[in-house]
Amino acid sequence: MHNVRKVTEDLYWVGGDDHRLHLFENIHPIPRGVSYNSYLLLDKKTVLFDTVDWSIGRQFIENIQAVLDGRPLDYMVINHMEPDHAAMIEEVMLRYPKVKVISNEKAFYLMNQFGFHIDSSKTQEVKEGDKISFGKHEILFVAAPMVHWPEAMVSFDLTNGVLFSADAFGSFGSLDGKLFNDEVKFDREWLDDARRYYTNIVGKYGPHVQSLLKKAAGIDIKIICPLHGPVWRSDLGYFLEKYDKWSRYEPEEKGVMIVYASMYGNTENAVSVLASKLVEKGMTNVVMYDVSKTHVSQLISETFKYSHVVLASVTYNLGIYPLMHNYLMDMKALNLQKRTFGILENGSWACESGKLMQEFLEGMREMTVLNERVTLASSMNESTDEEMNIFVNSILESMKEKN
């Protein structure tokens, strides 16, 4: 049975949800599932904007058939060639053999790489600034390279203000019938997944997102139709502001994120003391994460959120605890910057983790590492308690400096 939602007078959502997939890109946990969004425009000509993943292929075809209601499919626009959006290209062409595929040069090159061999008579190549009229709707094509693949583009309907935004403005999470942002409590139910999606999937490419935002500022967007997550038809400024902040690597909140690696509970005890001291001195926006129990995608998302991060690690084989090191590697790979770090180290006989973490951070862009540090020899004692007080004060002072 088909399951579609009307977006505007002539536009329909024909995508679907995947509740069975555990790992997005086989890396990132998605306990709330994910949606694959595709949109079908009914004009003088019919136009399908992107396809979906194979996992919901049957639902997708039923949705298209229901909306077309016997009409032919004339065009298929491919904004992004990643397989979770482009897997159904050949299936659509088999069912609608007269359809013409619209995309850009790099996307057609990738189609060949993925084994989609489309006859040139059925392709129409577009580039930045091109426009195509399908009746009363005229579509403008805008390049969005590295948001987050090199061939990515967005399509803008000049007639009704709909932006088909590819992987920009997306989110993890299944829609479960609620297509629009004003049908959900986004701050409470979706923001964390939207941030985790952006920071882990697109986060590395902040300058490219900034470029796209500058282009978007020049067009009158009324609705944003992403390839994952809710469609935005109200309060667009709220989400655009989030993307602007994330892509400039500016923290959302002034607060302290404590990420710790503890083998036998002593380092964990130390960061619990740290958290209590911070809260007693008025900094109540404090969160703690065990690096061994928290998926790195969540750690990255939270690191984009907070202004200050404390790294607390035992020394392991004369190095940084492996999972802490993995977190640092992801942080660097995703181009994170503009954060203030404090370091707490622990070692029973050769305490090296603090020095190594500092060296790692100093190799990244625009990172501040506090001079004060807490060093434990196995566990806390009276002398390290005084170190902790100095450490807490240095964190709070650095927050004042950044006001």
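Modeller: Let us begin with His 148, which is found in the loop between β13 (138-143) and β14 (153-157); strands here are DSSP runs of E with at least two residues, helices are DSSP runs of H or I with at least four residues, and both are numbered from the N terminus. Please keep in mind that this is a predicted model, in which local features need pLDDT of at least 70 and side-chain atom pairs count only at pLDDT 80 or more, while totals for chains, interfaces and linings use all residues. Residues are numbered from 1 along each chain as its sequence is written, and side-chain values use heavy atoms, with hydrogens and water left out.

His 148 has a relative accessible area of 8%, so it counts as buried; buried means under 20% relative accessible area, exposed means over 50%, and partly exposed lies in between, with a 1.4 Å probe and protein chains only. The side chain of His 148 is joined to that of Glu 82 by a polar contact of 2.9 Å, and a polar atom of the His 148 side chain also lies 3.4 Å from the backbone oxygen of Ile 201. A polar contact is a pair of N or O atoms within 3.5 Å; within protein, one atom must be able to donate a hydrogen and the other to accept it, and residues adjacent in sequence count only if both atoms are side-chain atoms. If we leave aside its neighbours within four places in sequence, His 148 is in contact (heavy atoms within 4.5 Å) with Glu 25, His 80, Glu 82, Asp 167, Ile 201, Val 202 and Tyr 205.

Trp 149 also has its place in the loop between β13 and β14, and Trp 149 counts as partly exposed because its relative accessibility is 22%. Not counting residues up to four places away in sequence, Trp 149 touches His 80, Met 81, Glu 82, Pro 83, Leu 110, Phe 114 and Ala 144.

With residues up to four places away in sequence not counted, Pro 150 touches Lys 106 and Pro 145. Pro 150 and Val 34 are 116 residues apart in sequence, and their C-alpha atoms are 23 Å apart in space.

Now for the wider setting. The protein chain has 13 helices and 22 strands, and its C-alpha trace spans about 80 × 40 × 35 Å along its principal axes. Of the 403 residues in the protein chain, 58% are buried, and among contacts with a separation of 6 or more, 73% come from residues 24 or more positions apart.

Seven of the strands form an open sheet with mixed pairing, in the order β1-β2-β7-β8-β9-β10-β11. β1 (5-6) and β11 (123-125) stand at the edges, each with a single partner strand, so one side of each is left without a neighbour in the sheet. β1 pairs with strand β2 (residues 11-13) in the antiparallel sense over two bridges, where two strands count as paired if DSSP finds at least two bridges between them. In this pairing Arg 5 stands opposite Trp 13 in β2.
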